Amino acid sequence: MELVRRFDERAGELHGSGQIGGFLHLAIGEEALVVGATRALEDRDWVLSTWRSHALALARGTDCGRTMAELFGRVGGTNGGRGGAMHLTDPQRRFLGGFGLVGAHLPVAAGVALASSHQGRAEVTMAVLGDGAGCGGTLTETFDLAAMWHLPLVVVVAHERRGHTSEQDAAAAQQTLARKAEGHGVKTLACDGMDVVDTQAVCAQAVQIARTERRPVLVQASVQRAPTSGMADPKPSGTKEVLAAWKTRDPLAVFGERLVEVGLLERADRTRIQMTVNALIEQAVSWAGRCAHPDPESLYAHASAQPTDGWLAVDARGTTSPGERAPHPREVAR
Amino acid sequence: MTTTAMTYRDAVRAALREELDRDERVLVLGEDVGVFGGAFRVTEGLLADYGEQRIRDTPSAERAVVGIGAGAAMVGLRPIVELMTMTAAMRAIDQLMVSVAQMPWATDGAVRVPLVIRTVQGAGLQLGPTHAHHLESMVLQIPGLQVAVPSTPADAKGMLKAAVRSDDPVVVIEHQELYDVTGEVPDDVDHLVPLGAAAVRREGRDVTLLGISRAARTAVQAADLLEREHGVSAEVLDVRSLRPLDLDGIVASVRRTNRLVVVEDGWPQAGAASSIAALVQEHAFDDLDAPVLRVSGADAPVGYSRVLHAAARVDARAVAQAALAALYRGAAPLAVDPRRGR
């Protein structure tokens, strides 16, 4: 949780100074959800996320340096700099990616679950998404199919009662995504997404149900992201009062205090963890900064998995310039 | 190699059966593919022979179905998703773009999506404006998607089989009006037609007619008409796949005939024919003796009325007229007529 938090704070600074471009969606306040949910999974399970993907990748164990390098858009990044913060992917850790379009990853997750189920593997697939996705049709389409086909799918909803920047209740006829899921035959559970212990316990229960009963389960995790403002992830309600109120609920601070109170952690240990994490992140920043930018010549790499005789890309930036092509020796008749 | 005469529909079904037999990882998903046997009867009998685990009926929920196909393909299956019409496929265009086409690129090749989308286009059944579309250009725009437009039974079988065996996502666009067309189809279970090679359907000297999808057959009819009525020798190329595109083959033909007419049933603006016309003038300008002409469907919806329906469609006579214009033997019908639409 410390790593996810500190990474986000540092990334936010680097976004401010221009070293990280594009959109940077921070997960400050969602650390308990992200860590609790992924800790409920086994190594063989799959996970897919929203655009808030670097938090998920870190929680899944992706190397901090490769994660930072992706945010820097460098070849050392998880996606070779092609995806950025919203699209981190680490198939080796069975993290199939951040998806930049609202709710787009839910059917993909269902497809992964279908493959596991079809091939008799006891894997579970988890999709983490925000409640704002609940108003899109793709979700209900997917719930129907996942329930009909008994797919081992766990959907963890960051229930914030917000859709992008609007109060979600004002936009949705029904109150919660959980109620919609129930209507489509998906079992639902709820947890306190600000509490890592509760989140892990409830998600583990959901994973167990999905794995043994072969059915989709939705976990509604109540969260409140930090009301930060600033260009990295603007949130209009970031007033001082709101921020002060949020700080009393800060999942990292609350959990840290709780560990000290019950005697599982000394205050000095907490500081040591923070120092270790800071060192790790500075190392990642330094390594990412030294990674090369992608070669422009690599633009067309992976245009196809297999070689083909035909033209896959037809624009003038391809390997052949207009007017410079030698007459093709091959006759058309074949 | 032995062949059997069969319809385009039966050829597609034979490809599905052979690939289902060959590879356990292949499964078929789509609206009405199971109990009903497919809206165009292509998947008839598959449910009985392969069971509901491999032949899966879905609701009309194209975005979810394409997303599910993509996810299943990423982790080891070879799904074939049938989208009942190209019109319905438009509902899934974001999934096709983001979860299917771009995924291999965006993950620097770490994730492959060997998904096949089978879909159907056409406008010949007098179904009115919501069921009469040729939309290959919509998917042709998207880098990362391969697009096959087979016009013969042999190609319908061989290209679908090649698509299933490919590690790349492929959209195979069948054609409503071709399902009953009969042709010789190789019996070999490994008969594959690789994408990226145009086929010469008819050799000729004076002008090249390049057909896309069903329009390749229209082009052959036009070539017959040109020979019979005007003594013109037209070469007919069937593009067969739009991405990869056999630009080398097209340019080679243009070098022989020095004139090109591209024929498509789809709308003219930003269409496949426009794209090919632009490429040919970039790559073979000095070999051209006339502007590249396009013959496209009208820049208007296809109506239900027989009269409006016929007015919107491409026929052999329009193609022949364009070929004569390319030979400076008549006025060209403008593909995008600026005087229309007022």
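1. First, some ground rules. This is a predicted model, where local features need pLDDT of at least 70, side-chain atom pairs count only at pLDDT 80 or more, and totals for chains, interfaces and linings use all residues. Residues are numbered from 1 along each chain as its sequence is written, chains are lettered from A in the order in which they are written, and side-chain values use heavy atoms, leaving out hydrogens and water.

2. Look at the contact (heavy atoms within 4.5 Å): chain A puts in 51 residues and chain B 65. Together they bury about 4700 Å², with 60% of it on carbon and sulfur atoms. Buried area here is the accessible area (1.4 Å probe) lost when two parts are put together, summed over both.

3. How many salt bridges cross the interface of chain B and chain A? The rule (a Lys or Arg side-chain nitrogen within 4 Å of an Asp or Glu carboxyl oxygen) finds one. The partners are Arg82(A) and Asp108(B), whose closest N and O atoms are 3.5 Å apart.

4. Now chain B's side of the contact. Among the elements supplying at least two residues each are strand S2 (26-31), helix H3 (62-74) and helix H11 (272-284). H3(B) gives the most, nine residues. Helices (H or I, at least four residues) and strands (E, at least two) are DSSP runs, numbered from the N terminus.
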